[in-house]
Amino acid sequence: MSTVPNDLRYSKEHEWVRADGDVATIGITHFAQEQLGDVVFVELPEKGSTVRQFSSLGVVESVKAASDLYAPISGEVIERNVKVIEKPELVNSEPYGNGWMIKVRLADKGELNQLLSPTDYRSHIGETAGAGGD
Amino acid sequence: MATEAPTLRRTPLYDKHVALGAKIVPFAGYEMPIQYEGIVAEHRAVRSAAGLFDLSHMGEFGFRGRGAGAFVDRLVSSDIAGLAVGQARYGLLTNDRGTIVDDVIVYRTAEAEYLMVVNAANIAKDRAHVLAHLTKDVVFDDRSLDTALVAIQGPRAAGILATTTQDHSDSLPSFGVMPARIAAVKATVARTGYTGEDGFEVFIASNDAERVWDALLAAGSEPGIKPIGLGARDTLRLEARFSLYGNDIDETTDPIEAGLGWTCKLDKDFTGRDAIAAKKAAGPERKLVGLVVEGGVARHGHEVVKGGEVVGRVTSGTYGPTVEKNIALAYVPTALSKVGAVLAVRIRGKDVPATVVKTPFYRRPE
């Protein structure tokens, strides 16, 4: 499995988006789960609520610490991943698969253009690692 | 050179941690491994097989001479005078106000020789505390920088240790201590630890640390020993409800409210004795209790709430990988400290239900 799949768009805060028509699936990247360590708790917005691009959508807690999740895209939450709430370790084992967080109905497809391409995200995490901070 | 941030120290095992892929963080003035493979995997290895810890950052104080036993007995809350050679005991350094300066283990290593292990962050403070009380018939030396400490903990620890020694230190009783050779290196071995499992702590000269570390890792490879970072050390100790100095206990807390009254031998004279006896007689206003939190991970500093009102504070909190619950320690008013009391922890502005439970959260199977 690629650690940065080519068919996704990325935020600088390490969320990914898989757009399919006007529905987008959102999760966190392999890099993010690796930085977090063992994920033990996930807090996600209710179905029917709306999320705004680059604002907080929920929280992921690892054994070590809590980290905010940011919405890479705006829209109405049409589904949240009940499996990941019950088994937060899916975020570690399948960040791009069963570890997804929410599905939203896209408010503005144009927002996708404000996200990073896989190439840009790869260099983004290269830079992040190079700067020595996390 | 211009002044920079204080330089962090490295233990003699630093290169080993890097080679093992550890994530290194600053801790108590040292660059320490927080995790290697991952906190949960390391935690489980200690509960099911064995784990190896580098604790060389911790402080080691030596006391010897005619007056050593009586001196340490006056300094420490527990019954040090009652230790036979080859025995160790947990206890507290307390001040005249009866609050906690540090928690320590004292080992009687010879007739008139005692070893005290203190928390890394407290070495300088404890040294000053000792020196302020020191009497002429005691020779005190702080060996912290010359001493390495490696702990091997877990149900397979004794079997692994046995293959590296001919001194039978693997059959020490709990809290026993003896001189031994581990991997042909001169060591002091004790059956003590901070994980809630059976295990040993091995004191060696810093120069010998790599040799002992490598020997124990190699001897443990078949049973599945893993190197364990500070992350899992914290989850292990919290499940076993061992206090962490700086989180659960400090100079604003006293042994009675911290649930450490059992470490205080009040029918002897020690620094802080009178204040602690008074607190015990009056009864504590608050108590350190165990909480199970439903729907979020409580962390150090979170508020404890009852009926919308802040009544206390979380001192330690994590997900417990063995108990598979979000567990915490918190100071709460004595009236709300009974097992079964339903409180809440304020996590990111939300009051999340928390129930007072019996501790330890985890007790190892007999």
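The model is predicted: local features need pLDDT of at least 70, side-chain atom pairs count only at pLDDT 80 or more, and totals for chains, interfaces and linings use all residues. Residues are numbered from 1 along each chain as its sequence is written, while chains are lettered from A and ligands numbered from 1 in the order in which they are written. Helices (H or I, at least four residues) and strands (E, at least two) are DSSP runs, numbered from the N terminus.

**Contact between the chains**

- Chain A contributes nine residues to the contact and chain B contributes 11 residues; two residues are in contact if their C-beta atoms, placed from the backbone, lie within 7 Å.
- On the side of chain A that touches chain B, strand S4 (39–43) and strand S6 (56–62) of chain A each supply at least two residues.
- That side of chain A comprises five nonpolar, one polar and three charged residues, where Ala, Val, Leu, Ile, Met, Phe, Trp, Tyr, Cys and Pro count as nonpolar, Asp, Glu, Lys and Arg as charged, and the others, Gly among them, as polar.

**Sheet in chain A**

- Six strands of chain A form an open sheet in the order S1-S2-S3-S9-S8-S5, with antiparallel pairing; two strands pair if DSSP finds at least two bridges between them.
- Strand S1 (9–10) and strand S5 (50–51) of chain A are the edge strands, each pairing on one side only.
- Within chain A, strand S3 (residues 23–28) and strand S9 (residues 102–106) run antiparallel and are joined by four bridges.
- Opposite Val23(A) stands Arg105(A) in S9(A).

**Sheet in chain B**

- Strand S3 (residues 51–54) of chain B runs parallel to S13(B), to which two bridges join it.
- Leu52(B) has Pro227(B) in S13(B) as its bridge partner.

**Helices H2 and H7 of chain B**

- The axes of helix H2 (residues 39–48) and helix H7 (residues 230–239) of chain B come within 8 Å and cross at roughly 55°.
- H2(B) meets H7(B) through Ile39(B), Glu42(B), His43(B) and Val46(B), which face Gly231(B), Ala232(B), Thr235(B) and Leu236(B).
- This contact has four nonpolar, three polar and one charged residues.
- Seven of the 10 residues of H2(B) are buried, so H2(B) is largely enclosed by the rest of the structure; a residue is buried if 20 or more other C-beta atoms lie within 10 Å of its own, exposed if 12 or fewer, and partly exposed in between, with C-beta atoms placed from the backbone.
- The buried residues of H2(B) pack against strand S2 (30–35), S3, S9, S13 and H7 of chain B.

- Helix H3 (residues 68–75) of chain B is largely enclosed by the rest of the structure, because six of its eight residues are buried.
- Those buried residues are Ala68(B), Gly69(B), Phe71(B), Val72(B), Asp73(B) and Leu75(B).
- Arg273(B) belongs to helix H8 (residues 273–282) of chain B and counts as partly exposed, with 19 C-beta neighbours inside 10 Å.

Methods: Axes are lines fitted to C-alpha atoms, for helices over the stretch in contact, and angles run from 0 to 180 degrees between N-to-C directions.
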